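Let's take a walk through a protein model together. Have the picture ready and follow along as we go from one piece to the next.

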Amino acid sequence: MIFGLSIQEIIACLLMGAGLIFLIGSMVGMLRLPDYYSRVHASGNSETLGTLLVFLGLIVYNGYSNVSAKIFIVALFVFLGNPIGSHILAKAAYKTGHPVWTQKQAVQHELSTEPTTSVTTEEEKEAQANADLHN
Amino acid sequence: MHIFFLVIVVVLVMTIGLMMQRLFQGPTVFDRMNGLGVITADTILLIVLFGFLDNQPGMYVDLAMAYAMMGCLGSVVLAKYLGGKNL
């Protein structure tokens, strides 16, 4: 009985605090990372883990009841939907020729803000045709 | 305990407000979709936390369940549309 909280509430607070750390990390990553692929990594992994930890804390806080089963189903949908959405969006970006961030491209980006790509093969030509999708 | 719920609600609302910048100003269309996915996942959590703050979580959890199903489908369908025929 620390600070007037029972053991159940202390465990729930620890789980939700861990989830809160992951949510803040995901937010900072979405704002600060340089590329789409690195940003989708921040949102796909950390966001899912933080949300699941907060849901688990809510289940522990609520106890054994009807609402806990519903929260578990919601957590299952988030656990299925968020990584699948992130993965299929990253796959769509890669298939349509979205440029991957490297250190060289970062220097070019600071100098000219226009990525200079050389069209050589047939695949890259098709990717260049899809380039208006990204602007 | 409600103070702790309020802290998480404030962080989630701040995240949604900052993702609006990613949503309206993102360099590519995939960044916009990514921001929309983050807003969806945060809103589901926010609805459940509002239920706990309101002391009747049974009603809000059903709304969160419906919203989770819609968010799961919408991202996949729009990615299929953006990715072309070879996805």
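Look just past the end of helix H3 of chain B: there B:Gly84 takes a positive phi of about 85°. (Helices here are DSSP runs of H or I with at least four residues, strands are runs of E with at least two, and both are numbered from the N terminus.) Before going on, note that this is a predicted model, where local features need pLDDT of at least 70 and side-chain atom pairs count only at pLDDT 80 or more, while totals for chains, interfaces and linings use all residues. Residues are numbered from 1 along each chain as its sequence is written, and chains are lettered from A and ligands numbered from 1 in the order in which they are written.

Now step back into H3(B) itself, residues 57-83. With 27 residues at 1.5 Å each, the helix should span 39 Å, and because its end C-alpha atoms are 39 Å apart, the two values agree. (The expected span is 1.5 Å times one less than the number of residues.)

Which residues of H3(B) are buried? They are B:Pro57, B:Tyr60, B:Val61, B:Ala64, B:Ala68, B:Gly71, B:Ser75, B:Ala79 and B:Gly83. Buried means 20 or more other C-beta atoms within 10 Å of the residue's own, exposed means 12 or fewer, and partly exposed is in between, with C-beta atoms placed from the backbone. Their packing partners are H2 (36-62) and H3 (66-95) of chain A, along with H2 (29-53) of chain B.

B:Val76 also sits in H3 of chain B, but it has 16 C-beta neighbours inside 10 Å and therefore counts as partly exposed. Leaving aside residues up to four places away in sequence, B:Val76 touches A:Ile84, A:Gly85 and A:Ile88. (A contact means that the C-beta atoms, placed from the backbone, lie within 7 Å.)

That brings us to the meeting of the two chains, where chain B puts in 39 residues and chain A 41 residues. On the chain B side, H1 (2-25), H2 and H3 each supply at least two residues, and H3(B) gives the largest share, 15 residues.

Finally, stay in chain B and find H1 and H2. They pack at an angle of about 160°, with axes 9 Å apart. Axes are lines fitted to C-alpha atoms, for helices over the stretch in contact, and angles run from 0 to 180 degrees between N-to-C directions. H1(B) and H2(B) are therefore roughly antiparallel, a label for angles over 145 degrees. Among the residues that meet here are B:Phe5 and B:Leu12 from H1(B), and B:Leu45 and B:Leu49 from H2(B).

Note on methods: Angles under 35 degrees count as roughly parallel, over 145 as roughly antiparallel, 65 to 115 as roughly perpendicular and the rest as oblique.
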